[in-house]
Amino acid sequence: MLAFLSAVDRMNVALRHLVGATLGIMVLAVGLQIVVRFLLPRLGIIASVPWTEELARYLMIWCIFLGAAVAARSGALIAVDTLPDALPPRWGDAVRLAALAITVAFFGELIWLGWRWVEFGQSETSTVLNVSLSWVYLALPAGSAFAIINIVAFIVEHRIRSNTPLAVAEADNPENTLV
């Protein structure tokens, strides 16, 4: 099991780098669009870069699904913890485990639906970039598959490795940084 957790953590390092690079490219594309739209016309230069909007949109889709998958590793997906926190620890853990099982089932359904969209997208191309939309739609099943792997790793780590509750780790809880 430790080998599995180590492999998942290495996968997440690569995913984090990919998400970071994707965000960087998005910032450059949107920055270029701003310069071309607002700065260059003031200098009397009329230009157009329509591909930047489409590129930024498609990269954002990938960022969302891959970022959600990485967040699943630490249990940081959006959740309402009021009920599990109000229950005794054993019952709260059972509720969290049930919620994680439902989340895995949901992501499994997204893989199936996403794959259907990938197949559908093979016959379509994007308007400006002229790339197959199946590459864009692939974000849904790929991100969902990575999320399932990360949820399983989260459960394994908390159950077998450290036997701690299934709550978000204190270091990963953004509420700890609020004043």
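1. Contact here means heavy atoms within 4.5 Å. On that basis, residues 24 or more positions apart account for 69% of the contacts in the protein with a separation of 6 or more.

2. The structure is a predicted model, in which local features need pLDDT of at least 70 and side-chain atom pairs count only at pLDDT 80 or more, whereas totals for chains, interfaces and linings use all residues. Residues are numbered from 1 along each chain as its sequence is written, and side-chain values use heavy atoms, with hydrogens and water left out.

3. The secondary structure comprises six helices and zero strands, where helices (H or I, at least four residues) and strands (E, at least two) are DSSP runs numbered from the N terminus. The order of elements from the N terminus is α-α-α-α-α-α.

4. Of the 179 residues, 31% are buried; buried denotes under 20% relative accessible area, exposed over 50%, and partly exposed in between (1.4 Å probe, protein chains only). The accessible surface comes to about 11300 Å², and carbon and sulfur atoms hold 70% of that area. Areas derive from the Shrake-Rupley method with a 1.4 Å probe; for residues, only the protein chains shown count as cover.

5. A nonpolar core is a set of buried Ala, Val, Leu, Ile, Met, Phe, Trp, Tyr and Cys residues joined through side-chain atoms within 4.5 Å. The largest such core has 12 residues, including Leu5, Met26, Cys63 and Val156. Helix 1 (2-39), helix 2 (51-73) and helix 6 (139-161) each give two or more residues to this core, and helix 1 gives the most, with six. Another core, of 10 residues, lies apart from it and has Ala69, Ala72, Leu100 and Leu140 among its members.

6. Thr52, in helix 2, counts as buried because its relative accessibility is 1%. Its side chain makes a polar contact (a pair of N or O atoms within 3.5 Å; within protein, one able to donate a hydrogen and the other to accept it, and residues adjacent in sequence counting only if both atoms are side-chain atoms) with the side chain of Gln33, at 2.6 Å. Neighbours within four places in sequence aside, Thr52 is in contact with Ala29, Leu32 and Gln33.

7. Asn130 counts as exposed because its relative accessibility is 54%.
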